[in-house]
Amino acid sequence: MPIDHIIESLPPLPLTVANVIKVTTNPDSSAEDLMKAVLPDQTMCAAILKIANSVLYGQSQKISSLQSAIVLLGINEVQSIVMGKAAISTFRSLFKENKEEMAIFWDHSFISGLAAKIIAENLGLVTGQFFMGGLLHDIGKLVMFLALPDQYSPRDWMIPFTNGERLEEEKTKFSVSHDVVGARLLRKWLFPENLILALEYHHHPEDSPSLHGYPLVVQLADILAFLCCHEDLAEDQNPANVVVEYLPDIKERWEERKLKWDPVGIESWLAWLKIDREYGSSIINVLSL
């Protein structure tokens with residue numbers, strides 16, 4: 001199958017990523033351990049420093065050392081930066097072609113990451129891992145485009161919001177859907193299981209064998225990112241109502257998992273997302289360099 005061939009042909013992630021995952025999954029690791037894991041990769045160090053100094057983190061004084069950046073961002077945020085940058089860089093060649101579609105695709109992906117981070121913060125969860133889940137939730141679409149360039153048109157399949165009907169159409173046409181393909185890629189790269197599940201089940205969280213909160217949050221982040229880019233859709237009503245129109249079962253899924261479905265909170269999350277999108281607009285450029 002072309003898609004499996006493409007996944008196998010993609011290079012492994014840099015050694016830095018493996019070292020960072022090893023450090024961040026060890027509860028006894030310190031910020032100094034993480035710094036030692038990242039330090040040999042100067043490109044990654046520069047990215048971490050740039051993001052720590054971005055408007056999104058609002059520092060009044062410039063962060064000039066990697067150690068200070070790691071302390072500011074936290075271990076989980078740094079893990080997300082390292083893994084996200086490595087994953088995005090794998091598809092760097094696509095940035096040079098289909099520029100308009102790729103810009104829209106990565107804008108949505110980045111905003112989804114921000115949305116997942118905001119939701120996780122409000123639920124008292126570890127935000128860095130959720131940012132990563134949102135950022136990479138559609139990465140399977142890139143694999144499908146590489147495998148089927150004449151059939152998997154970016155304008156037709158990578159830009160529109162994927163609701164349940166669209167997902168079934170994708171599955172029927174290509175015998176597989178992007179959520180499954182993305183999970184296969186992350187498994188090849190030995191990413192943490194919570195991120196794999198977030199990708200694999202973000203369109204049907206109820207089927208996740210465990211850690212249901214990850215795909216639930218990413219599913220909501222996906223639709224909030226869509227509304228953030230299409231403000232006219234929620235102009236005259238609460239965004240939560242629009243979310244339910246696109247995803248009729250989402251309220252029920254949240255309540256099944258004892259997560260509060262709060263229309264006022266969702267409206268607030270969307271408002272914060274619009275602000276964070278403006279403040280963090282340069283970050284996707286840092287990750288893709």
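**Figure 1. Salt bridges in the predicted model.** A search of the whole structure, which is a predicted model, finds 16 salt bridges. One of these pairs is Glu100 with Arg155, whose closest N and O atoms are 3.4 Å apart. This pair links distant parts of the chain, since Glu100 belongs to helix H8 and Arg155 to helix H11 (residues 154-158), 55 residues apart. Arg155 is partly exposed, with a relative accessibility of 43%.

Figure 2. Lys117 is buried, at 14% relative accessible area, whereas Glu121 is partly exposed, at 43% relative accessibility.

**Figure 3. The salt bridge of Asp249 and Arg253, and its network.** The side chains of Asp249 and Arg253 meet at a distance of 4.0 Å, N to O. Salt bridges with shared partners join Glu206, Asp249, Arg253 and Glu256 into one network. Arg253, with a relative accessible area of 17%, is buried.

**Figure 4. The largest pocket.** The largest pocket has a volume of about 250 Å³. Its lining consists of 15 residues, and those nearest the centre are Gly164, His203, Glu206, Gln219 and Asp249. Helix H12 (164-174) and helix H17 (250-256) each supply at least two residues of this lining. Helix H12 gives the most, with four residues. By class, the lining of the largest pocket comprises six nonpolar, four polar and five charged residues.

**Figure 5. The second largest pocket.** The second largest pocket holds about 180 Å³ of space. It is lined by 14 residues, of which Ile104, His108, Ile159, Phe226 and His230 are the closest to its centre. Two or more residues of this lining come from each of helix H8 (99-123) and helix H15 (213-229). Eight nonpolar, three polar and three charged residues make up the lining of the second largest pocket.

**Figure 6. A nonpolar patch on the surface.** The patch is formed by Val55, Trp272, Ile275 and Tyr279, which together have about 410 Å² of accessible area. Val55 is placed in the loop between helix H4 (42-52) and helix H5 (66-73). Because its relative accessible area is 54%, Val55 is exposed.

How values were computed:
Residues numbered from 1 in each chain as written. Predicted model: local features only at pLDDT ≥ 70, side-chain atom pairs only at ≥ 80, totals over all residues. Heavy atoms only, no water. 1 Å grid on protein atoms, 1.4 Å probe; cavity = no way out; pocket = protein on both sides within 12 Å on 5 of 7 lines; lining within 4 Å. Points joined across faces, edges and corners; volume = space filled by probe spheres on them. Nonpolar A, V, L, I, M, F, W, Y, C, P; charged D, E, K, R; others polar. Patch = residues over 30% accessible without salt bridge, like charges linked within 9 Å, V, L, I, M, F, W, Y side chains within 5 Å. Areas by Shrake-Rupley, 256 points an atom, 1.4 Å probe, with all protein chains shown as cover. Buried < 20%, exposed > 50% of the residue type's maximum accessible area, 1.4 Å probe, protein only.
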